[in-house]
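Let's take a walk through a protein together, one stop at a time.

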Amino acid sequence: MSAQELETTARAMVAKGKGILAIDESLPTIKKRFDSISVESTEENRRAYRNLLITNPGGNEYISGMILFDETMRQTTTDGTPFPQALIKQGIMPGIKVDTGAKDMAGHSNEKITEGLDGLRERLAEYKKLGAKFAKWRAVITIGDGIPSTGCIEANAHVLARYAALCQEAGIVPMVEPEVLMDADNTIGRCYEVTLVTLKTVFNELFRQRVAIEHIILKINMVISGKKCKTQAGVQEVADQTVRCLLNTVPAALPGIVFLSGGQSAELATAHLNAMNAKYKNLPWPLSFSYGRALQDPCLKAWAGKKENVSAARAALLHREKCNSLACLGKYTAEIEQAA
Ligand code: 5MM
């Protein structure tokens with residue numbers, strides 16, 4: 001893929017009113033999701049669930065790409081089409097999660113470092129043959145007593161930049177995801193500070209590793225109160241602080257920013273995105289979504305592992321996709337939410 005093609009792919013990922021569906025749960029995470037609906041995490045059950053998500057008629061109106069897990073990349077639809085090809089036929093770009101997980105970081109209690117650089121060049125070449133247009137790597141930054149440390153932020157930023165450089169070499173757009181977790185009791189102000197320093201460090205490292213900013217997509221947390229914080233910032237404050245943080249850190253050359261949902265409810269994640277796009281019309285980059293749980297949760301519950309629930313589950317997914325597509329345009333309303 002030439003530089004021009006990388007840029008075209010990156011821009012198509014955040015095309016007007018479109019976003020990304022993250023279905024790249026690793027085996028332990030999908031087991032947790034299936035446990036919540038009392039479904040066994042077998043290879044066939046995972047295939048059946050991903051089949052429902054991938055072959056949902058009408059999804060391509062709102063979804064530009066889907067992030068797959070290695071196993072899903074190699075599975076097929078019920079009629080035998082490889083999942084990446086099934087996506088391409090619908091005009092949806094297949095993406096692939098290429099990190100191998102966030103592991104405990106030596107010498108840094110309660111902090112994580114994401115692994116997966118060994119053999120990445122070879123894995124990217126294979127994923128490209130299988131149809132991947134973009135790849136995702138998630139770094140995890142934890143807020144707590146005395147953390148995050150500079151060592152943890154710098155190590156994760158460095159690894160993110162090395163992964164991004166390898167992706168661009170392979171002709172694959174890197175989706176760079178430094179996630180500041182939302183689970184602690186911190187204020188929105190603390191989330192702002194940590195996200196700010198994380199993004200500054202990540203863009204410094206991307207520069208040092210000669211990553212072309214025009215050819216990446218940033219996937220980031222919103223600036224938000226920790227889930228256990230007694231005072232929860234309102235929707236407009238989350239929108240304002242998130243945009244302020246991004247304006248202070250993200251180069252204008254970046255083709256687009258997508259948010260993770262990080263455990264927010266499906267409706268709140270949509271409301272936050274909508275509030276940003278309704279108020280800020282002239283940002284240097286489109287703001288869109290790359291949600292996992294906030295798109296899938298209602299669908300997963302509706303499915304509950306039963307064939308007879310597939311239509312209802314698909315309708316639930318399509319509704320969330322439509323709501324978030326409208327949120328990309330600042331046109332999401334309570335009426336649209338309730339018109340499910
Ligand atoms: C779908 O979940 C992804 C995979 O997580 P694990 O590697 O832990 O299994 C995850 O990376 C996801 O793409 C992002 O965190 C966004 O998902 P949420 O649910 O936060 O929107």
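We'll visit the nonpolar core, then the ligand, and then a group of aromatic rings.

Before setting off, keep in mind that what you see is a predicted model.

Let's start on the inside. In general, nonpolar side chains in soluble globular proteins tend to be buried together. Here, the largest nonpolar core has 110 residues. Those with the most contacts inside this core are Tyr163, Leu246, Ile257, Phe259 and Leu287. Which helix gives the most to the core? That's helix α7, running over residues 150-170, with 10 residues.

Now zoom in on Tyr163. Leaving aside residues up to four places away in sequence, Tyr163 touches Val98, Leu117, Leu120, Ala135, Lys136, Trp137, Pro174, Met175 and Val176. Hold on to one name from that list, Lys136, for the next stop.

Next up is the ligand. How many residues surround the ligand? There are 17, and the closest are Ser26, Thr29, Lys97, Lys136 and Ser261. So much for the surroundings; now for single atoms. In the side chain of Lys136, an N or O atom is 2.4 Å from an oxygen atom of the ligand. Asp24 has a polar side-chain atom 3.1 Å from a ligand oxygen, and for Glu177 the distance from a side-chain N or O atom to an oxygen of the ligand is 3.4 Å. How much of the ligand does the protein bury? Taken alone, the ligand exposes 500 Å², and the protein buries 91% of that.

Our last stop is the aromatic rings. A pair of such rings is described by how far apart the centres are and by the angle of the planes. This structure holds five aromatic pairs. In one of them, Phe34 and Tyr49, the ring centres are 5.7 Å apart and the planes sit at 80 degrees; an angle over 60 counts as edge-to-face, so that is what this pair is. Phe34 belongs to helix α2 (residues 27-35) and Tyr49 to helix α3 (residues 43-54), so the pair ties together parts 15 residues apart in sequence.

Phe34 also pairs with Trp303: the centres are 5.8 Å apart and the planes are at 50 degrees, so this pair is tilted. Trp303 lies in helix α11 (residues 293-303) and Phe34 in helix α2, so here the pair ties together parts that are 269 residues apart in sequence.

Put together, Phe34, Tyr49 and Trp303 form one aromatic cluster.

Terms used
Residues numbered from 1 in each chain as written. Predicted model: local features only at pLDDT ≥ 70, side-chain atom pairs only at ≥ 80, totals over all residues. Heavy atoms only, no water. Core = buried A, V, L, I, M, F, W, Y, C linked by side-chain atoms within 4.5 Å. Buried < 20%, exposed > 50% of the residue type's maximum accessible area, 1.4 Å probe, protein only. Helix = DSSP H or I, 4+ residues; strand = E, 2+ residues; numbered from the N terminus. Contact = heavy atoms within 4.5 Å. Near = heavy atom within 4 Å. Polar contact = N/O pair within 3.5 Å; in protein donor to acceptor, adjacent residues only side chain to side chain. Areas by Shrake-Rupley, 256 points an atom, 1.4 Å probe, with all protein chains shown as cover. Phe/Tyr/Trp six-rings, centres within 6.5 Å; stacked < 30°, edge-to-face > 60°.
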